[in-house]
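User: I'm new to this one. Can you walk me through it in short answers?
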Amino acid sequence: TTAAGADRVDAVVVGAGLSGLYQLYRLRALGLRVAVFEAGEDIGGTWYWNRYPGARCDVESMSYSYSFSPELDQEWEWSERYASQPEILRYIHHVADRFGLRGDVTLRTRVTSAAYDGTTHTWRVSTDTGRTVTTRFLVLASGCMSAPKDPGIPGQNSFTGEVLHTARWPSEEVSFTGKRVAVIGTGCSGVQAVPVIAERAAALTVFQRTPAYALPAHNRPLLGAETAELKARYPQFRQAQRLSRGGTVFEPPTGSALAADEAERTAAYEAAWGSGLLSGLLRTYTDILTDEKANATVAEFVRSKIRSIIDDAETAEALSPRTFPFATKRPCLDTGYYAAYNLPHVMLVDLRATPIETITPRGILTTEEEHALDTIVFATGFDALTGSQLAIDIVGSAGVSLREKWADGPRNHLGLMSAGFPNLFTVLGPLSPSVLSNIAVSLEQQVEWITDCIAHLIGRGLTEIDATPEAEEAWGAHVAELADRTLYPTAESWYMGSNVPGKPKVFLAYTGGLDRYRAVCDAAARNGYSGFVLSGDARER
Ligand code: NA7
């Protein structure tokens with residue numbers, strides 16, 4: 001049944017980042033022939049592309065790493081509390097080499113389309129290099145933050161100086177020495193890049209549309225004694241991570257922020273601020289993300305911190321987020337971000353006061369003035385969660401494309417499979433905990449579920465699994481209902497699709513927690529894949 005000119009494999013995995021490589025490892029262990037296609041020149045996914053200065057993980061390195069191999073856990077030594085992009089990329093290379101994964105990865109190859117053939121029960125997968133393969137199983141491990149968003153600024157192609165995007169950073173060294181540099185965007189990428197670029201550039205102007213809540217990282221080298229201590233109990237720690245709400249281990253809060261008096265609250269917030277943890281403030285009380293008044297106490301605490309760091313009162317106010325509740329857009333970890341604004345050559349342009357009219361050949365023209373520049377850095381974010389999947393022209397069993405089906409927002413069951421797209425699985429896709437969890441833990445959970453599912457089909461000689469429309473509808477409603485119990489949907493955020501013009505406004509992640517999500521996924525599998533239809537008999541063919 002192999003189509004002419006197409007190789008035949010058992011599984012295609014799209015993407016060779018953390019998710020895709022682990023998926024490859026697991027599917028190979030089932031004895032499957034797997035082809036991984038990776039658009040980049042090398043493996044690493046997010047950690048390959050986002051090589052801008054200052055790029056760093058905001059989850060602690062000893063938590064943000066694979067847990068599947070106790071030997072790997074013991075042998076790898078992280079040097080910093082929060083690993084930098086180069087170190088994480090080295091780790092990914094180490095894993096690929098250690099487990100011999102590279103041989104099945106085809107680099108510089110972007111999957112452009114995938115069409116399901118219901119008669120042969122196979123996907124025909126096409127790539128931009130002209131290579132086509134047919135496969136029974138198709139796993140999209142294409143990343144939740146991997147499709148850069150078009151900044152959509154008038155004149156953006158007219159600039160004659162150097163143009164960079166944080167998520168498409170060149171591998172050769174970029175020099176900022178003596179340059180007048182602009183950074184557009186103050187999400188986590190901008191917040192990380194600004195202090196490092198500030199150290200190198202002659203002048204740095206940051207163009208800010210919406211200020212972020214940035215919390216101090218307190219990053220530092222890890223001491224041998226502390227890594228040894230954690231390694232001694234790594235198996236238990238990994239297990240606790242798996243069972244945790246967000247993939248990181250902590251004592252959940254018990255009280256309401258509004259039940260505490262101000263002194264008590266401030267003490268709790270100070271301790272969280274000092275912890276250097278991204279979710280430290282969220283963990284102080286139970287209602288930070290569900291009660292506006294509780295949230296407002298944290299938001300004001302962060303603003304008071306911003307005022308205490310920034311010398312200039314007007315700059316401090318411009319940097320203070322006021323238009324959305326704390327953490328309804330992802331907070332950032334700050335390593336010298338706010339402090340950079342105290343340097344004489346770093347300037348903030350508040351785009352709410354003076355919007356950009358156009359980018360010109362010389363620089364950036366706001367309603368107030370033209371800023372002459374040598375380099376513009378776009379830190380303008382991604383078409384998150386759905387972007388990388390919808391970039392592929394995927395056509396399912398009824399001839400309907402995923403783009404058509406998701407025109408009003410993503411629809412799937414358990415964030416794993418979309419009805420009408422049999423044997424197509426997604427890792428870290430929409431309507432799963434992905435971006436609201438430690439994704440290192442999330443991706444392992446999903447990859448393992450997918451692997452077990454494929455093993456189940458093969459073991460029983462079944463050809464196909466597909467989500468049912470009813471289950472998918474119920475899942476979508478459940479995810480939306482859980483999100484509506486939180487403050488998340490009140491913000492214009494990439495969680496809501498609000499950052500991409502024309503994108504449907506749907507809350508894109510599961511807010512119920514990774515622990516609960518895992519239980520739901522496991523229960524579905526245990527109940528013979530309830531919510532899915534399993535069919536066919538491969539042995540007949
Ligand atoms: P984000 O968090 O989406 O941030 C993008 C920033 O760029 C944000 O401040 C945007 O302002 C700004 N932006 C986007 N488009 C424009 C235009 N056209 N003009 C001016 N400013 C603009 O992306 P990041 O890469 O920083 O972080 C993404 C995630 O990756 C991060 O949360 C981590 O989980 C890893 P806006 O808020 O839309 O007003």
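User: What is Glu 464 in contact with, leaving aside its neighbours within four places in sequence?

Analyst: This is a predicted model, to start with. Glu 464 is in contact with His 121, Pro 422, Asn 423, Leu 534, Ser 535 and Gly 536, once neighbours within four places in sequence are left aside.

User: Where does Glu 464 sit?

Analyst: Glu 464 is in strand E19, residues 464-467.

User: How exposed is Glu 464?

Analyst: Partly exposed: Glu 464 has 18 other C-beta atoms within 10 Å. A residue needs 20 or more to be buried and 12 or fewer to be exposed, so Glu 464 falls in between.

User: How many Å apart in space are Glu 464 and Thr 486?

Analyst: They are 37 Å apart, C-alpha to C-alpha. In sequence, 22 residues separate Glu 464 and Thr 486.

User: Back to Asn 423. Where is that one found?

Analyst: Asn 423 is in the loop between helix H13 (402-405) and strand E18 (424-426).

User: Is Asn 423 buried or exposed?

Analyst: Buried, because Asn 423 has 23 C-beta neighbours inside 10 Å.

User: What is the phi of Asn 423?

Analyst: Positive, about 60 degrees, although Asn 423 is not a glycine. Most residues other than glycine have a negative phi.

User: And Ala 327, what is its phi?

Analyst: Ala 327 has a positive phi of about 70 degrees, and it is not a glycine. Ala 327 is in the loop between helix H10 (313-318) and strand E11 (332-334). Ala 327 is buried, with 23 other C-beta atoms within 10 Å.

User: Which residues of H16 are buried?

Analyst: Leu 514, Tyr 517 and Cys 521 are buried in H16. They cover an arc of only 60 degrees around the axis, so they are on the same side of H16.

User: Why would residues spaced like that point the same way?

Analyst: An α-helix has 3.6 residues a turn, so residues three or four places apart point the same way.

User: What covers the buried residues of H16?

Analyst: The cover includes helix H14, residues 439-459.

User: And which exposed residues are on the face turned away?

Analyst: Ala 523 and Arg 526 are the exposed residues on that face of H16. Just after H16, Gly 528 takes a positive phi of about 70 degrees.

User: Now H8. Which residues of H8 are buried?

Analyst: Ala 268, Tyr 269 and Ala 272 are buried in H8. Seen down the axis, the buried residues of H8 fall within an arc of 95 degrees, so they line one face of the helix.

User: What covers the buried residues of H8?

Analyst: Helix H9 (292-309) is included in the cover. The face of H8 turned away from the buried side carries the exposed residues Ala 263, Ala 267, Glu 270, Ala 271 and Gly 274.

User: What follows H8?

Analyst: Gly 276 does, with a positive phi near 70 degrees.

User: Switching to the largest nonpolar core. Which residues touch the most other members?

Analyst: Val 12, Leu 21, Val 139 and Val 183 do, out of the 159 residues in that core. H14 gives the most to this core, with nine residues.

User: What does Leu 21 touch?

Analyst: Leu 21 touches Ala 16, Ile 43, Ile 92, Val 95, Ala 96 and Leu 101, not counting residues up to four places away in sequence.

User: And the ligand: which residues around it come nearest?

Analyst: Gly 185, Gly 187, Ser 189, Thr 210 and Gly 381, from the 22 residues around the ligand.

User: What classes make up the shell around the ligand?

Analyst: The shell has nine nonpolar, 11 polar and two charged residues. Helix H5, residues 188-200, gives the most to this shell, with three residues.

User: Last one. Where is Thr 160?

Analyst: Thr 160 is in the loop between strand E6 (132-140) and strand E7 (162-165). Thr 160 counts as exposed, because it has 11 C-beta neighbours inside 10 Å. Thr 160 and Thr 360 are 200 residues apart in sequence but 8.2 Å apart in space, C-alpha to C-alpha.

How values were computed. Residues are numbered from 1 along each chain as its sequence is written. This is a predicted model: local features need pLDDT of at least 70, side-chain atom pairs count only at pLDDT 80 or more; totals for chains, interfaces and linings use all residues. Helices (H or I, at least four residues) and strands (E, at least two) are DSSP runs, numbered from the N terminus. The arc is that of the directions from the helix axis to the C-beta atoms. Two residues are in contact if their C-beta atoms, placed from the backbone, lie within 7 Å. A nonpolar core is a set of buried Ala, Val, Leu, Ile, Met, Phe, Trp, Tyr and Cys residues joined through C-beta atoms within 7 Å. A residue is near a molecule or strand if its C-beta atom, placed from the backbone, lies within 6 Å of it. Ala, Val, Leu, Ile, Met, Phe, Trp, Tyr, Cys and Pro count as nonpolar, Asp, Glu, Lys and Arg as charged, and the others, Gly among them, as polar.
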